[in-house]
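Subject: Structure handover

Hello,

Please find the structure below. My notes on it follow.

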Amino acid sequence: MSLNYIKNFYEGCVSTIQKNFHTLFFGSIRMFFLGVLGFAVYGNEALHFSCDPDKRERNLFCYNQFRPITPQVFWALQLVIVLVPGAIFHLYAACKSINQECILQKPIYTVIYIFSVLLRVSLEVIAFWLQIHLFGYQVKPLYLCDAGSLGKKMTMIKCMVPEHFEKTIFLIAMYTFTVITMVLCVAEVFEIIFRRLCFLVKQ
């Protein structure tokens, strides 16, 4: 009994990986891009972020104002949260030995599958909006910091943002990855609906 369960779970996992290779592959590219290049671009940003006058307390205060959340943390959370709906469904499908034929044959599985994909799209849209709100489309070389709460005479301080051009390119790349992921998810919904219709027509 246990051997059959393990066999069914393994076959379900293999089927899931084969059917969703494009999503897993592109997700792996995003993780590699974020882990390797993201660290190279943003890894020492706080150390090289400097303001005039250059004092550590002002640099830290203005950097926290400039970056309420670091891009690496935001994008890592985005990847994890976006992958959760699909991971839960595919894990459930693997445990119950639900393959593509079952999803096409049983309406309840079709609805649940489409819902998980649409939830993934919704999370990507929310993350896309948050990314624009937090980081914008371009990283400027100068940042005007409102340091009035420090109790100093100077309320507006000019700060230098290191490697701003590289960060702008990285931002555009991450936006592109998010858009491509949303397009793949929408295409996945249309594909499953089309295959479901074809299955009903053949009956």
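Leaving aside neighbours within four places in sequence, asparagine 59 is in contact (heavy atoms within 4.5 Å) with Phe49, Ser50, Cys51 and Asp54. Asparagine 59 lies in helix α4, residues 56-66; helices (H or I, at least four residues) and strands (E, at least two) are DSSP runs, numbered from the N terminus. Asparagine 59 counts as buried because its relative accessibility is 12%, where buried means under 20% relative accessible area, exposed over 50% and partly exposed in between (1.4 Å probe, protein chains only).

This is a predicted model, in which local features need pLDDT of at least 70 and side-chain atom pairs count only at pLDDT 80 or more, while totals for chains, interfaces and linings use all residues. Residues are numbered from 1 along each chain as its sequence is written, and side-chain values use heavy atoms, with hydrogens and water left out.

On the rings: the whole structure holds ten aromatic pairs. Rings of Phe, Tyr and Trp (its six-membered ring) pair if their centres lie within 6.5 Å; planes under 30 degrees apart count as stacked, over 60 as edge-to-face and the rest as tilted. Tyrosine 137 and tyrosine 175 form a tilted pair, 5.5 Å centre to centre with 45° between the planes. This pair links distant parts of the chain, 38 residues apart: tyrosine 137 is in the loop between α7 (107-135) and β2 (142-146), and tyrosine 175 is in helix α8 (residues 164-202). Tyrosine 137 counts as exposed at 53% relative accessibility, whereas tyrosine 175 counts as buried at 6%.

Ring pairs also join Tyr42, Phe74, Trp75, Phe135 and Phe170 into a cluster.

Regards
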